[in-house]
Amino acid sequence: EELETSDLQKVQQFELDPCQTNKKTEWNGQLYGQGNCTAPGICTCLCKNRAYLIDGEYEDLPWVDPLARSIPTGFTFGTRKCISGYEGARSNEPLLAGTDKEYYPFKTCHLTIYEPNWYEEYSVLFIALAVIFFIFTGMGYVVIRRRIRQEYLLVKAARRREDDDEATTKKNKAK
């Protein structure tokens, strides 16, 4: 189900190598497996870029889509402070249970951590800027329209006054 395939050969390859040790990827000029079998049923997945603890806070946490868009098949969002690399299914049984270092290890390393494009990463900022732009554009339109309307009314009133003045002078000349 997680492999999103019905190809028997792919399923058998995955069952023989759930950590994807034999599925090589190049990183820093070397070939590495996507994961490593550390114990039966436990994988250590390759993490190419990790968030580090600096002054008590993690820097550069894995990206989480604030708009909850779907990601392509074969990808996952990073967890456990891994920004780029590989992850997979987690075990239901924790390691180091009952300690403050308790965690649920990976059983597979078949998914690539999704790294967003620049426009996906900053899409909330773009949306906010677009909303602000349209608000100010709308306000500017209303202000300019009012000024143009006021100018139009002033010109119209001046024309009426001129017409009234001309009519009055014609009446005075006729008398």
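For the sheet view below, two strands count as paired if DSSP finds at least two bridges between them. Everything shown comes from a predicted model.

**Figure 1. Arg 50 faces Cys 82 across a strand pair.** Here we're looking at Arg 50, which stands opposite Cys 82 in strand 9. Strand 5 and strand 9 (residues 82–87) run antiparallel to each other, paired over 3 bridges. Strands like these pair through backbone hydrogen bonds, either parallel or antiparallel.

**Figure 2. The largest nonpolar core has 5 residues.** Its members are Cys 19, Cys 43, Cys 45, Phe 106 and Cys 109. In soluble globular proteins, nonpolar side chains tend to be buried together. Which residues does Phe 106 touch, leaving out those up to four places away in sequence? The answer is Gly 41, Ile 42, Cys 43, Cys 45, Thr 79, Glu 87, Gly 88, Ala 89 and Arg 90.

**Figure 3. The second largest pocket has a volume of about 280 Å³.** It is lined by 18 residues, and the closest to its centre are Cys 43, Thr 44, Cys 45, Arg 80 and Phe 106. Strand 4 (42–45), strand 5 and strand 9 each put at least two residues into the lining, and the largest share, 4 residues, comes from strand 4. By type, the lining splits into 11 nonpolar, 3 polar and 4 charged residues.

**Figure 4. Gln 20 has a positive phi without being a glycine.** Most residues other than glycine have a negative phi. For Gln 20 the value is about 60 degrees. Look for this residue in the loop between helix 1 (8–16) and strand 1 (24–27). Is Gln 20 buried or exposed? Its relative accessibility is 11%, so Gln 20 counts as buried, the cut-off being under 20%.

**Figure 5. Asn 28 also has a positive phi in a residue other than glycine.** Its phi is near 55 degrees. Asn 28 lies in the loop between strand 1 and strand 2 (30–33). With a relative accessible area of 65%, Asn 28 is exposed, because exposed means over 50%.

Conventions:
Residues numbered from 1 in each chain as written. Predicted model: local features only at pLDDT ≥ 70, side-chain atom pairs only at ≥ 80, totals over all residues. Heavy atoms only, no water. Core = buried A, V, L, I, M, F, W, Y, C linked by side-chain atoms within 4.5 Å. Buried < 20%, exposed > 50% of the residue type's maximum accessible area, 1.4 Å probe, protein only. Contact = heavy atoms within 4.5 Å. 1 Å grid on protein atoms, 1.4 Å probe; cavity = no way out; pocket = protein on both sides within 12 Å on 5 of 7 lines; lining within 4 Å. Points joined across faces, edges and corners; volume = space filled by probe spheres on them. Nonpolar A, V, L, I, M, F, W, Y, C, P; charged D, E, K, R; others polar.
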